[in-house]
Amino acid sequence: MSVRRLAMIHWFMRVKLFKVYRVEGKSLSPVMEDGDYVITIRIFCQFFFKRFYRIPRRYIVFRKSGYPLMIKAIRKNLSEGLEVVGFHWSSVDSREFGLVKRPEVIAVVLAVISRRSPWCRWLSS
């Protein structure tokens with residue numbers, strides 16, 4: 001990776017366009033394991049980047065009242081909101097708390113960094 005690209009990533013992280021979250025729990029196992037990291041883009045910024053880069057909206061970070069910050073997979077995009085699911089049998093998802101409204105969505109997941117990756121050790125330090 002070039003110095004220029006690293007400088008751009010650093011700038012984007014400083015202005016909080018991108019954010020890194022640590023995955024806790026088995027909700028999206030085997031795609032995301034406990035201890036993995038996800039790199040996200042803030043939801044309002046994706047419209048700017050859509051012009052240059054197609055961002056798949058498979059996983060989102062959101063906050064539902066009465067629940068902690070969550071990362072889930074989008075199952076259906078309905079006019080009333082998003083139906084989200086987890087892959088683990090004990091996962092809490094839309095079947096329990098209902099649809100996720102658009103204002104509750106904080107970010108879209110761009111990449112997953114495995115806890116076995118050398119990048120993961122760099123992020124946790």
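Reply: Start with a definition: buried means under 20% relative accessible area, exposed over 50%, and partly exposed in between, with a 1.4 Å probe and protein chains only. Phe62 has a relative accessible area of 0%, so Phe62 is buried. Phe97 has 12% relative accessibility, so Phe97 counts as buried too.

This is a predicted model: local features need pLDDT of at least 70, side-chain atom pairs count only at pLDDT 80 or more, and totals for chains, interfaces and linings use all residues. Residues are numbered from 1 along each chain as its sequence is written, and side-chain values use heavy atoms, with hydrogens and water left out.

Now the rings. Rings of Phe, Tyr and Trp (its six-membered ring) pair if their centres lie within 6.5 Å; planes under 30 degrees apart count as stacked, over 60 as edge-to-face and the rest as tilted. The structure holds two aromatic pairs. In one, the ring centres of Phe62 and Phe97 are 5.9 Å apart and the planes are at 55°, so this pair is tilted. Phe62 lies in strand 3 and Phe97 in helix 3 (residues 94–97). They are 35 residues apart, so the pair links distant parts of the chain. Helices (H or I, at least four residues) and strands (E, at least two) are DSSP runs, numbered from the N terminus.
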